[in-house]
Amino acid sequence: MMVHSVSDGVGDIHLKTNNLSSTDGQTENYKSVYKVGLPPRRNFFREFADAVKETLFADDPLRPYKDQPKSRKLLLGLQFLFPVLEWGRYYNLSKFKGDVIAGLTIASLCIPQDIGYAKLANMDPKYGLYSSFVPPLIYAVMGSSRDIAIGPVAVVSLLLGTLLQNEVDPLNDKEEYRRLAFTATFFAGVTQATLGFLRQMLPLSLCTLGFLIEFLSHAAIVGFMGGAAITIALQQLKGFLGIKNFTKNTDIISVMKSVWGSVHHGWNWQTILIGTIFLAFLLFAKYIGKKRKSLFWVPAIAPLISVVLSTLLVDLTRADKYGVQIVKKIDRGINPSSVGQIHFSGSYALKGFRIGVVAAMIALTEAIAIGRTFAAMKDYQLDGNKEMVALGTMNIVGSMTSCYVATGSFSRSAVNFMAGCKTSVSNMVMSLVVMLTLLLITPLFKYTPNAILSSIIISAVISLIDYEAAYLIWKVDKFDFIACMGAFFGVVFVSVEIGLLVAVSISLAKILLQVTRPRTALLGNLPGTTIYRNMEQYPEATKVPGILIVRVDSAIYFTNSNYVKERILRWLRDEEEQLKENDLPQIDFLIVEMSPVTDIDTSGVHAFEELYRSLRKHEVQLVLANPGPVVIEKLYSAKFPELLGHDKVFLTVAEAVMTCTPKAREDV
């Protein structure tokens with residue numbers, strides 16, 4: 001007796017065998033002492049309880065609370081809601097210095113950005129600053145990311161501005177528009193916080209609204225963000241060119257018509273000059289920061305420098321008298337309460353809920369993606385549940401303090417990271433600077449030209465166009481590239497919400513295609529071994545005379561069972577036609593390698609019964625190799641091995657082949 005290594009098509013298994021000798025990759029007198037194991041039967045109720053636990057509580061969220069005293073459970077609960085209670089115990093002066101520097105740096109970036117983003121959302125500039133005051137404070141004590149910088153972002157601002165103006169005119173009914181914005185922000189926060197709490201107990205796919213995040217693939221996000229960046233940049237042509245009457249639509253065709261329709265009477269050359277000079281300055285600053293990492297502060301402070309210089313330029317030259325549009329008055333003071341302005345009932349509440357849900361999903365996706373990126377770079381764990389709860393809570397509180405939807409900003413978070421932030425205290429520092437700005441210096445922004453805000457936004461959103469990622473997606477997966485481009489063109493040529501819908505639809509279509517049309521492969525023997533692999537991947541693999549080996553690379557359910565059966569029969573027909581043309585012996589055995597088949601339902605079992613009968617008519621014997629525990633248990637429950645024959649179920653492909661070859665059968 002000796003030990004010989006064979007393959008089941010997926011991994012190698014060591015088997016005890018008798019009288020082995022190898023000739024041309026085949027083995028004679030093959031006899032394994034192992035058979036496919038049938039798992040012990042479990043009590044139905046126990047099995048059902050285990051299945052429910054695994055499905056609904058996969059990460060066992062209550063595990064830390066087990067066998068803990070009540071005081072410890074209370075502390076753990078508070079630490080879940082307020083992570084600052086955990087990391088705050090280890091906070092020191094060294095970390096505080098890093099956070100102060102990072103906070104001051106991102107504050108210099110956020111102030112001019114917030115004013116521009118507020119205009120993107122059709123809100124007064126002060127509401128952009130409000131949204132970088134209260135929400136960052138809430139997140140600092142509830143969020144689990146050390147690097148995310150909180151505030152308004154371009155994509156969400158554009159989305160809100162687009163959806164809100166479809167319901168209320170922001171020019172003729174400013175008060176109702178503002179109320180609807182706060183209502184949408186409130187429901188966005190409720191959506192995010194609810195998802196966070198539900199996700200503690202349910203998989204995200206079972207949450208009513210969580211499906212959207214599940215179906216936003218990386219490719220779809222790349223396309224969506226790129227399309228949104230183009231759309232945002234096009235919207236800035238209004239301020240960049242000095243156009244007063246601009247289209248409310250966001251699609252590229254409408255925007256281009258509006259731009260070229262105003263070329264003779266709407267463009268202002270002084271505005272274009274200011275915008276062009278400072279856009280060039282901002283892009284050059286970004287280039288310097290990208291070229292030399294130690295100069296990260298240059299692109300961070302460049303927007304504030306641009307605002308200061310352009311404001312002085314307009315004030316000294318009184319360029320506003322020559323058609324240069326300016327910000328005008330920004331009221332001094334911190335956030336007033338807006339609780340009474342939120343619609344909790346009526347038609348506007350329903351509209352706010354619908355807009356809020358969409359904004360919540362985009363804000364959540366962007367924030368978690370940013371948080372995970374920087375968490376991986378610093379090698380710490382980001383808790384998605386805590387993030388959802390923190391983002392939701394800050395938007396709920398924000399809606400009651402005159403803020404619109406805030407989330408993690410990639411540009412600010414990158415600067416925060418580069419500036420050496422240690423904890424979310426950097427958000428507190430930024431918030432403090434914004435508060436001082438609101439209390440002391442907002443009147444100084446009166447002569448800030450709109451063109452400079454447009455230039456700041458254009459320079460900020462350019463980084464959202466990730467053409468390198470799009471090219472990589474094209475090389476790796478063409479279907480993913482279709483999802484990417486579908487989202488991109490949907491946003492650019494129709495609207496932000498349609499682009500989002502296209503992204504989700506294509507991603508869902510890909511999943512359905514993969515489920516209903518699983519891959520199958522024809523296996524061959526690698527010469528000189530007992531290993532069987534995909535012949536397409538290994539062209540040197542050879543077929544075994546009289547035997548066809550097919551591998552199914554998916555669970556077999558009602559959605560694909562008929563396809564699997566028909567595809568296996570097609571493999572057989574194609575092979576027999578080739579053998580007939582070459583005047584070679586026909587197929588006697590069809591081995592189905594089932595290692596990748598993780599599960600099977602009654603439709604799948606029925607499909608195998610039909611496959612068995614179809615093969616019998618062609619005088620071909622069906623053989624199964626290495627079915628997993630779930631699969632073999634269900635096959636035995638359906639009494640399929642009795643129909644097939646217990647001796648036709650093998651542990652490995654190699655064992656099945658050796659048993660099915662004529663010489664092996666004669667010796668046995």
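A positive surface patch is made up of K119, K174, K238, K244 and K328. Patches of this kind join like charges within 9 Å, using residues with over 30% relative accessible area and no salt bridge, a salt bridge being a side-chain nitrogen of Lys or Arg within 4 Å of a carboxyl oxygen of Asp or Glu. Lys and Arg count as positive, while His and the chain ends are not counted, and the place of a Lys charge is taken as NZ. Accessible areas come from the Shrake-Rupley method with a 1.4 Å probe. The model is a predicted one, in which local features need pLDDT of at least 70 and side-chain atom pairs count only at pLDDT 80 or more, whereas totals for chains, interfaces and linings use all residues. Residues are numbered from 1 along each chain as its sequence is written, and side-chain values use heavy atoms, with hydrogens and water left out.

Another exposed lysine, K97, has a relative accessibility of 52% and belongs to helix α4 (residues 93-120). K97 and C421 are 324 residues apart in sequence, yet their C-alpha atoms are 8.7 Å apart in space.

Turning to the helices, α15 has 32 residues and spans 46 Å from its first C-alpha to its last, close to the expected 46 Å; the expected span is 1.5 Å times one less than the number of residues. Helix α19 (residues 450-461), with 12 residues, reaches 17 Å between its end C-alpha atoms, close to the 16 Å expected. α19 is mostly covered, with 12 of its 12 residues buried, among them N450, I456 and V461.

After α15 comes D379, with a positive phi near 60°. N122, although not a glycine, has a positive phi of about 60° and is found in the loop between α4 and α5 (125-130). S402 is likewise not a glycine and has a positive phi of about 65°; its loop runs between α16 (384-399) and β6 (407-409). N122 is partly exposed at 30% relative accessible area, whereas S402, at 2%, is buried.

Technical notes: Patches are made of residues with over 30% relative accessible area and no salt bridge: like charges are joined within 9 Å, nonpolar side chains (Val, Leu, Ile, Met, Phe, Trp, Tyr) within 5 Å. Helices (H or I, at least four residues) and strands (E, at least two) are DSSP runs, numbered from the N terminus. Buried means under 20% relative accessible area, exposed over 50%, partly exposed in between (1.4 Å probe, protein chains only).
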